[in-house]
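Visitor: I am new to this structure and would like to learn how to read it. Could you walk me through a few features?

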Amino acid sequence: MKINISERAFKSPASAIRKLVPLADKAKKKGIKVYHLNIGQPDMATPKPIINAIKKFSRDTLEYAPSEGIHETIAAWQKFYHDKSVKFDQSEIIVTSGGSEGLILAFLTVTDPGDELIVFEPFYTSYAIMAAMGNIVLKALPTEVETGYHFPPKVMIEKAISRKTRGIVLCNPNNPTGTMYTSQEVRMIADIALKHNLFIISDETYQEIVFDDKKVLPFMSFTKLHNQLIVADSVSKRFNSCGARIGCVASKNKEVMAAIMRFAQARLSVATVDQLALIPVLINSRQYTEQVKKNYKKRRDMVVSELRKIKGVSFVVPEGAFYIMPRIPVDDSDKFAEFLLNDFSDHRETVMIAPATGFYKNPQKGKDKIRIAYVLSEEKLQRAIRLLGMALEKYNRKK
Ligand SMILES: Cc1ncc(COP(=O)(O)O)c(C=O)c1O
């Protein structure tokens with residue numbers, strides 16, 4: 001007799017970004033160079049102090065860290081926020097295994113099975129998997145390429161709120177769109193949360209990566225909101241250290257933090273060496289994030305100027321993170337992504353992109369869009385986007 005897994009495990013969506021990997025591996029085996037624009041893995045060097053701290057680790061025993069995090073690492077996160085004029089006490093921060101764990105803990109802390117969280121579509125794929133883990137319903141409100149994926153009007157958001165709605169999840173600037181929500185938009189979400197007594201789960205993974213002298217208005221600047229706000233954060237992107245697996249969850253709501261602590265005790269602790277290694281950059285963050293931001297701005301400009309040359313591609317220039325989600329002239333972005341890896345190359349080179357279908361609750365909505373992560377040098381990006389243009393022509397000629 002077949003033994004079944006749980007329905008929630010069975011129904012959990014697969015990561016949209018990774019499903020094309022076997023095709024890319026096949027292309028590489030054939031000797032084709034693949035430019036990876038499909039995944040948010042920065043190519044820049046991890047800051048030296050992180051690498052040096054790992055190399056110099058010299059304790060005799062690799063002990064468990066405290067469940068809430070190593071005291072000095074919590075203090076380092078506190079300093080990181082202080083430098084952004086955001087004040088958290090040490091008791092209001094728990095170190096997590098990447099931003100991902102913080103988000104999972106936050107989702108599970110504010111919902112019961114069947115409860116709803118509002119997200120804005122297209123959204124970061126893992127939110128759907130995290131929701132599936134807790135039998136949480138994601139209410140996805142649409143945003144459109146024509147308006148740069150900015151929020152729908154307030155009435156539309158309020159209309160989506162039901163008795164089951166527990167919170168709003170958002171990332172500013174956003175993955176997968178690169179949109180930076182304006183101060184007015186942040187204020188609007190804060191107003192809605194206050195009026196309807198909802199939590200805000202603020203994913204701040206990319207917060208410093210914004211261009212053209214723009215600056216994200218942090219939800220923490222609304223004192224009235226403090227009891228309803230949970231910040232989930234990460235060192236991965238801003239310090240080019242995705243493999244360190246360090247993040248944090250922070251909130252002024254004592255009940256929330258006590259609950260997250262109980263969950264955190266079940267996984268005992270976060271890796272000791274990585275927690276220690278991140279301290280020097282967290283306490284001196286600007287030194288690193290300023291350069292990261294400058295590099296991504298140049299890359300964004302390169303991608304935008306090359307995309308503009310391709311007929312039928314439309315987008316609004318993104319303001320932050322390192323993603324862009326243009327509409328492209330194809331019938332099916334999944335098929336096009338496969339075509340790039342299976343059937344196209346120019347001088348034995350091709351490009352890998354993420355079809356937008358994986359970022360929508362209803363995949364149909366992503367059939368005419370792709371997500372590009374501009375995580376390569378400008379020179380490589382120029383070549384990669386030109387390859388994309390050639391491939392589009394060939395794909396459409398084939399039909
Ligand atoms: C929007 C967003 N949130 C959270 C994360 C989680 O990052 P990590 O677990 O590496 O900190 C990512 C990673 O890509 C992301 O794009």
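Predicted model: local features only at pLDDT ≥ 70, side-chain atom pairs only at ≥ 80, totals over all residues.

**Reading the model step by step**

Visitor: What kind of peptide bond joins Asn172 and Pro173?

Guide: Here is the general idea: most peptide bonds are trans. The bond joining Asn172 and Pro173 is cis, with omega about -5°. The bond from Asn175 to Pro176 is cis as well, with omega near 20°, and Pro176 also sits in the loop between strand 5 and helix 8.

Visitor: And how do I read phi?

Guide: Most residues other than glycine have a negative phi. Asp213 is not a glycine, yet its phi is positive, about 60°. Look for Asp213 in the loop between strand 6 (199-203) and strand 7 (229-234). Arg245, in the loop between strand 7 and strand 8 (247-250), has a positive phi near 60° too.

Visitor: Is Arg245 buried or exposed?

Guide: We count C-beta atoms around the residue, and 20 or more others within 10 Å make it buried. Arg245 has 20, so it is buried. Asp213 has 5 such neighbours inside 10 Å and therefore counts as exposed.

Visitor: Which residues have the most contacts inside the largest nonpolar core?

Guide: They are Val249 and Leu278, in a core of 114 residues. Helix 13 (residues 378-398) gives the largest share of this core, 8 residues. Domain 1 (7-45 + 288-398) and domain 2 (48-285) both contribute residues, so the core lies between them. Setting aside neighbours within four places in sequence, the contacts of Leu278 include Ile50, Ala76, Val235 and Ile246.

Visitor: How does the chain cross from strand 3 to strand 4?

Guide: First, the pairing: strand 3 (residues 116-121) and strand 4 (residues 137-142) run parallel, joined by 6 bridges. Glu121, for example, has Pro142 in strand 4 as its bridge partner. The chain goes from strand 3 through helix 6 (residues 126-133) to strand 4, making a right-handed β-α-β crossover.

Visitor: In what order do the 3 strands of the open sheet come?

Guide: The order is 9-12-11, with antiparallel pairing. Strand 9 (323-324) and strand 11 (354-355) are at the edges with a single partner strand each, so one side of each has no neighbour in the sheet. Strand 11 pairs with strand 12 (residues 370-373) over 2 bridges, and Pro355 has Ile370 in strand 12 as its bridge partner. As a general idea to take along, side chains in a regular strand alternate between the two faces of the sheet.

Conventions. Residues numbered from 1 in each chain as written. Pairing = 2+ DSSP bridges. Helix = DSSP H or I, 4+ residues; strand = E, 2+ residues; numbered from the N terminus. Core = buried A, V, L, I, M, F, W, Y, C linked by C-beta atoms within 7 Å. Buried ≥ 20, exposed ≤ 12 C-beta atoms within 10 Å, placed from the backbone. Domains from an automatic or database assignment. Contact = placed C-beta atoms within 7 Å. Right-handed = clockwise from strand over helix to strand, strands pointing away.
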